[in-house]
Amino acid sequence: MPAQSMEELVSLCKRRGFIFQGSEIYGGLQGFYDYGPLGVELKNNIKAAWWRSNVYERDDMEGLDASIIMHRMVLRHSGHEATFSDPMVDNKKNNKRYRLDHLVKDQKADVQARVAELMGVDPENFPALVAALNANPAQASQVLRDAGVRDSFSGEVGEWTEPKPFNMMFKTTIGPVADEDSYGYLRPETAQGIFTNFKNVVDSTSRRLPFGIAQIGKAFRNEITPRNFIFRVRELEQMEIEFFCVPGTDEAWHEHWLEKRLSWWEAQGVPRSKIEILDVPKEDLAHYSKRTYDLMYDYPTLGHEEIEGIANRSDYDLGSHTKNQAELGLVARVEENTDSVAKLTIPHPETNKPVVPFVIEPSAGVDRAMLAVLSEAFTKETLDNGNERIVLKLRPHLAPIKVAVIPLARNREEITSVAKAIKAELQGLGLGRVLYEDSGNIGKAYRRHDEVGTPYCVTVDFDTVGKGEDPALTDTVTVRDRDTLAQERVRISELASWIQAKLR
């Protein structure tokens, strides 16, 4: 049974070293999390699976790792400076600050309905309700009070201020002088680094349409109210593709990527039955989007929330950067019906004339992916003896530890030396992390590795070294299966190939 509440996952993540609160010894820093010994392994395995699927296994993809800090002109002309904001409201009673849409969404149904009624908006159309509140700040402030909107922290009806836009980009100075000409932004998304490197990639790889550029990297969003563990944070990591195609073929490619991404999630253990496809209404689309599919995963406690967006960005970004560079005199101006070549165009594969390609963007958050993978893998089982066990039934390629090698007696050199040799051999296979586990208690070791998702435990015992009751078991080990609990004796000489076959 997958996790039924976020509290179960948070408890497991802290207890077993997956995720810790950032700056915890100083009271923690809201919206920032640190990935522990097992968390960093799982996170890296998710990223490796994504990269393998989208870069190595395709012939139409290149990789990139762009800078985190960006020139302010990039984010001005991409539209982020003007539009990358959320409406916020303050409660004067306790000086708590909230994102307007989150505040209203968290209210009881009758309060939400009252807000919609007072604003003259259909209560079923939540995006329209938020838009109406944001467009009429003075009225919104009074409506929130009259409808009895309660503070999420205190539970009391708040004294709400007018909604105000809050730009979520982190601003930083560049160089020793802090003035208006020396600042930049930490990128709020990885996409713009791809767009600004579009021509560099084309020139250095001789790519022709259609092709994509993939990137995994950090992004930073100064969320008003980060919440729900690692679901909404201020420092996040994205797995993002910008797939460039001929205008007019974009809708077919949009459908192609929708299917590809659903298949990938299934391969990570997140079933399609747990994902709803939201065709985002036009009034709720981002400023750059022609059409967007949001994949909404059914998270424990949270319900259906976005795990990935697949957007048709049309030619918005490359067109905007090309236009603004032309106006700044950096490149030749792009004119319709001419053969002028500007920086962010590419030859049409049939006419060879320069064209600004359309872009399909599948964009998934690593942190949200990890939360979904953990949720699906989290399983509670009642054993035959009546005891309950928690086990993470992770797909083997995602498991932080692939194999644990356990000596039955940690103080017997003849046993530990064999165990260490086996560990070294298995580690050399390139499977991922192989752990030498010498806790001294085989039962506790098994339970620990169940909880962290280790597919196989290899136990070296007295029979292995010829000091047991059955000479036939000499040079064999016991291999325990995480999911079935079955135990099998395997010869040491055959163990490497046996493990490789199972993990494959």
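Two strands count as paired if DSSP finds at least two bridges between them. With that in hand, strand S22 (residues 456-460) and strand S23 (residues 476-481) pair in the antiparallel sense over 4 bridges. Strands here are DSSP runs (E, at least two residues), as are helices (H or I, at least four residues), and both are numbered from the N terminus. This is a predicted model, in which local features need pLDDT of at least 70 and side-chain atom pairs count only at pLDDT 80 or more, while totals for chains, interfaces and linings use all residues. Residues are numbered from 1 along each chain as its sequence is written, and side-chain values use heavy atoms, with hydrogens and water left out.

**The five-stranded sheet**

- S22 and S23 belong to an open sheet of 5 strands, ordered S21-S20-S22-S23-S24, with mixed pairing.
- Strand S21 (434-436) and strand S24 (487-491) are at the edges with a single partner strand each, so one side of each has no neighbour in the sheet.
- From one strand to the next, the twist averages 25°; angles run from 0 to 180 degrees between N-to-C directions, with axes fitted as lines to C-alpha atoms, for helices over the stretch in contact.

**The three-stranded sheet**

- Another open sheet has 3 strands in the order S6-S5-S7, and its pairing is antiparallel.
- Its edges are strand S6 (96-99) and strand S7 (164-167); each has a single partner strand, so one side of each is left without a neighbour in the sheet.
- On average, neighbouring strands of this sheet are turned by 45° against each other, direction ignored.
- Strand S5 (residues 85-91) pairs with S6 in the antiparallel sense over 4 bridges, and Asn-91 stands opposite Lys-96 in S6.

**Salt bridges**

- The structure holds 38 salt bridges, each a side-chain nitrogen of Lys or Arg within 4 Å of a carboxyl oxygen of Asp or Glu.
- Asp-279 and Arg-291 meet through their side chains in one of these (2.5 Å, N to O).
- Asp-279 is partly exposed at 36% relative accessibility, and Arg-291 is partly exposed at 35%; buried means under 20% relative accessible area, exposed over 50%, and partly exposed in between (1.4 Å probe, protein chains only).
- The side chains of Arg-313 and Glu-361 also form a salt bridge (2.6 Å, N to O). Arg-313 sits in strand S14 (residues 303-314) and Glu-361 in strand S17 (residues 358-365), 48 residues apart, and both residues are buried.
- Glu-414 and Lys-467 meet in a salt bridge (3.0 Å, N to O). Glu-414 lies in helix H14 (residues 413-427) and Lys-467 in the loop between S22 and S23, so the pair ties together parts that are 53 residues apart in sequence.
- A network of salt bridges links Asp-86, Arg-99, Asp-101, Glu-223 and Arg-232.

**Cysteines**

- A search of the whole structure finds 0 disulfides, a disulfide being a pair of cysteine sulfur atoms within 2.5 Å.
- Cys-457 is in no disulfide, and its nearest cysteine sulfur, that of Cys-13, is 20 Å away.
- Cys-457 is buried at 2% relative accessibility, and Cys-245 is buried at 0%.
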